[in-house]
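Hello,

Here is the structure for you to look over. My notes follow below it.

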Amino acid sequence: MSRKVLSFLGLICVGALLAGCATIAEKARQKTGVGGGIITGGVESLVISPGSASIRVGQTVTLKAIGYDAKQAAIKRPGAVKPTWSVDDPKLGKLNTSKGKSVKFTGLAPGVCYVTAKQGKADVMIAVEVK
């Protein structure tokens with residue numbers, strides 16, 4: 001056989017080997033829940049961390065949503081947890097964005113502002129005290 005044919009066959013074998021390794025790695029992640037993993041039923045529930053906050057006017061706190069599937073396993077797949085965020089009183093506080101895994105809440109005036117994160121049928125609310 002010519003060198004070109006042998007080189008071409010070698011490239012095909014390397015490509016097949018890489019594809020097989022990628023398939024095995026994804027199956028391993030699905031079994032362990034690490035990385036890609038299977039999400040059972042989508043986002044069933046949410047938790048906001050921290051569970052409450054107290055800040056002064058002008059200060060900012062970062063709030064992070066943690067999603068759980070139907071089996072109450074934490075969802076680790078990047079991009080799978082992207083709730084919509086809102087505040088009940090925009091005079092007391094504002095968010096830097098309304099969508100994503102985390103947001104920054106800035107206190108505007110003294111009072112208690114409730115921050116909500118919703119994704120699908122899951123929603124959660126926490127109180128942020130602004131002093």
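**What is in the chain**

Read along the sequence, the elements follow the pattern α-β-β-β-β-β-β-β-β. That comes to one helix and eight strands. Helices (H or I, at least four residues) and strands (E, at least two) are DSSP runs, numbered from the N terminus.

This is a predicted model: local features need pLDDT of at least 70, side-chain atom pairs count only at pLDDT 80 or more, and totals for chains, interfaces and linings use all residues. Residues are numbered from 1 along each chain as its sequence is written, and side-chain values use heavy atoms, with hydrogens and water left out.

Of the 131 residues in the chain, 27% are buried. Buried means under 20% relative accessible area, exposed over 50%, and partly exposed in between (1.4 Å probe, protein chains only). The chain exposes about 8200 Å², and carbon and sulfur atoms supply 60% of that. Accessible areas come from the Shrake-Rupley method with a 1.4 Å probe; for residues, only the protein chains shown count as cover. Among contacts with a separation of 6 or more, 50% are between residues 24 or more positions apart. Contact means heavy atoms within 4.5 Å.

**How the strands pair**

Two strands pair if DSSP finds at least two bridges between them.

- S7 (residues 111–119) and S8 run antiparallel, over nine bridges. Lysine 118 has aspartate 123 in S8 as its bridge partner. Two residues separate the strands in this hairpin, and glycine 120 has a positive phi near 60 degrees.
- S2 (residues 53–55) runs parallel to S8, with three bridges. Serine 54 stands opposite glutamate 129 in S8.
- S3 (residues 60–68) and S6 (residues 102–107) are antiparallel, with five bridges. Threonine 62 has lysine 104 in S6 as its bridge partner.
- S5 (residues 93–95) is antiparallel to S6, with three bridges. Leucine 95 stands opposite phenylalanine 105 in S6. S5 and S6 form a hairpin with six residues between them, and glycine 100 in the turn has a positive phi of about 140 degrees.

Side chains alternate along S8 (residues 122–130). Ala122, Val124, Ile126, Val128 and Val130 point to one face and are buried.

Alanine 122 counts as buried because its relative accessibility is 2%. Leaving aside neighbours within four places in sequence, alanine 122 is in contact with Val43, Glu44, Ser45, Leu46 and Ala117.

Met125 belongs to a nonpolar surface patch with Val112 and Tyr114. Together they have about 280 Å² of accessible area. Patches are made of residues with over 30% relative accessible area and no salt bridge: like charges are joined within 9 Å, nonpolar side chains (Val, Leu, Ile, Met, Phe, Trp, Tyr) within 5 Å. Valine 112 sits in S7 and is partly exposed, at 41% relative accessibility.

**Glutamine 119**

Glutamine 119 is in S7. Is it buried or exposed? Glutamine 119 is buried, because its relative accessible area is 19%. A polar atom of its side chain lies 2.9 Å from the backbone oxygen of alanine 80. Not counting residues up to four places away in sequence, glutamine 119 touches Val43, Leu46, Ala80, Val81, Lys82 and Pro83.

**The salt bridge**

The count is one salt bridge, defined as a side-chain nitrogen of Lys or Arg within 4 Å of a carboxyl oxygen of Asp or Glu. Lysine 121 and glutamate 44 form it (3.4 Å, N to O). Lysine 121 is in the loop between S7 and S8, and glutamate 44 is in the loop between helix H1 (3–32) and S1, so the pair ties together parts 77 residues apart in sequence. Lysine 121 is exposed, at 65% relative accessible area. Glutamate 44 is partly exposed, at 26%.

**Two backbone details**

A cis peptide bond joins serine 49 and proline 50, with omega about -5 degrees. Proline 50 is in the loop between S1 (45–49) and S2.

Glutamine 72 has a positive phi, near 60 degrees, and is not a glycine. Glutamine 72 lies in the loop between S3 and S4 (84–87).

Best wishes

Methods
A polar contact is a pair of N or O atoms within 3.5 Å; within protein, one must be able to donate a hydrogen and the other to accept it, and residues adjacent in sequence count only if both atoms are side-chain atoms.
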